[in-house]
Amino acid sequence: MARNVLSVKDQLLNPNFLKSLQEILPSTFSPERMVRLALSSMAENDRLMQCDIKSIRFGIVEAARLGLEIGGPLGQAYLTPRKGRAVLVLGYRGMVDIAIRTGLVNAIMAEVVREGDKFSFEYGTQRKLRHIPVGDPDTPVSHAYAIADMPGGTQIFHVLSRKEIDRIRSRGDAGSKSPWVTDFAEMARKTALRNLFKFLPTTPAVREAFYRHVETEEAAAVHVDAQSDQVIDGEVIDPETGEIIDATREVA
């Protein structure tokens, strides 16, 4: 039986949990809005509503720490069900936003190439990439690539073939509601962008964002001790109050 929607809403809108969110959110973010966006995402996915509530709260905390909204018009981050737990995954726009905020790149973007487009690229000492979209926008994706404009005027790019994209996709959830099914192009862009980050200078915050929050194809980002409310490598959330407490302290 699906969890009572009102019960989930009450737990996520718990005043203590909202106060904890406020302490880590940027001043321009509202904790109530964060929670309501998460609830809106859950309303669209029955599997999310049945996920462990601790993992849902943890996903919201992680989004708050990264300064990203869950779902909504920006599509910066998403909660995704994974074996009974909610996992926070970054959307393409969220990845770009975090990259720009580091100050280590001037601009970054990703795009897909479709069959019929004019597309060529070269690696090596004379790196070149040329893409002219001339094909039907509804034709299959043949490649995906990401480009970063670096300080000093240089560019770094990385290209994935359709075979490479499909290989990555095959490691993930092939369900009918998988983002690979509902929005293949967006997932292909994000995959190219994540691969590009292997070649970019990073900060500890970026490494956390891009290597802890990997695609759900590879691993679940949330690891909750089944015998307690401790979240491994993260905060502990009191199940009664919703308060974020010391990660080294056991919940009574």
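**Exercise 1. The strand pair**

Task: Determine how many bridges join strand β1 to β2 and which way the two strands run.

Solution. In this predicted model, strand β1 (residues 77–82) is joined to β2 by six bridges, and the two strands run antiparallel. Within the pairing, Tyr78 stands opposite Val89 in β2.

**Exercise 2. Gly84**

Task: Locate Gly84, classify Gly84 by its relative accessible area, and identify which residues Gly84 touches, not counting residues up to four places away in sequence.

Solution. Gly84 is placed in the loop between β1 and β2. Its relative accessible area is 42%. Buried requires a value under 20% and exposed a value over 50%, so Gly84 is partly exposed. Not counting residues up to four places away in sequence, Gly84 touches Cys51 and Asp52.

**Exercise 3. The packing of α2 and α3**

Task: Describe how the axes of helices α2 and α3 are arranged, and which residues make the contact.

Solution. Two packed helices are described by the angle and the distance between their axes. The axes of α2 (residues 15–24) and α3 (residues 31–43) come within 9 Å and cross at roughly 110°. Angles of 65 to 115 degrees count as roughly perpendicular, and α2 and α3 are therefore roughly perpendicular to each other. The crossing in which α2 passes α3 is right-handed. On the α2 side, Phe17, Leu18, Leu21 and Gln22 make the contact; on the α3 side, Pro31, Glu32 and Val35 do. By class, the residues of this contact divide into five nonpolar, one polar and one charged.

**Exercise 4. Ser27**

Task: Decide whether Ser27 is buried or exposed, and state where Ser27 lies.

Solution. Ser27 lies in the loop between α2 and α3. Its relative accessible area is 74%. The cut-off for exposed is over 50%, so Ser27 is exposed. The C-alpha atoms of Ser27 and Gly67 are separated by 9.9 Å, with the two residues 40 residues apart along the chain.

How values were computed
Residues numbered from 1 in each chain as written. Predicted model: local features only at pLDDT ≥ 70, side-chain atom pairs only at ≥ 80, totals over all residues. Heavy atoms only, no water. Axes fitted to C-alpha atoms, helices over the stretch in contact; angles between N-to-C directions. Helix = DSSP H or I, 4+ residues; strand = E, 2+ residues; numbered from the N terminus. Parallel < 35°, antiparallel > 145°, perpendicular 65-115°, else oblique. Left-handed = near helix turned anticlockwise from the far one by under 90°. Contact = heavy atoms within 4.5 Å. Nonpolar A, V, L, I, M, F, W, Y, C, P; charged D, E, K, R; others polar. Pairing = 2+ DSSP bridges. Buried < 20%, exposed > 50% of the residue type's maximum accessible area, 1.4 Å probe, protein only.
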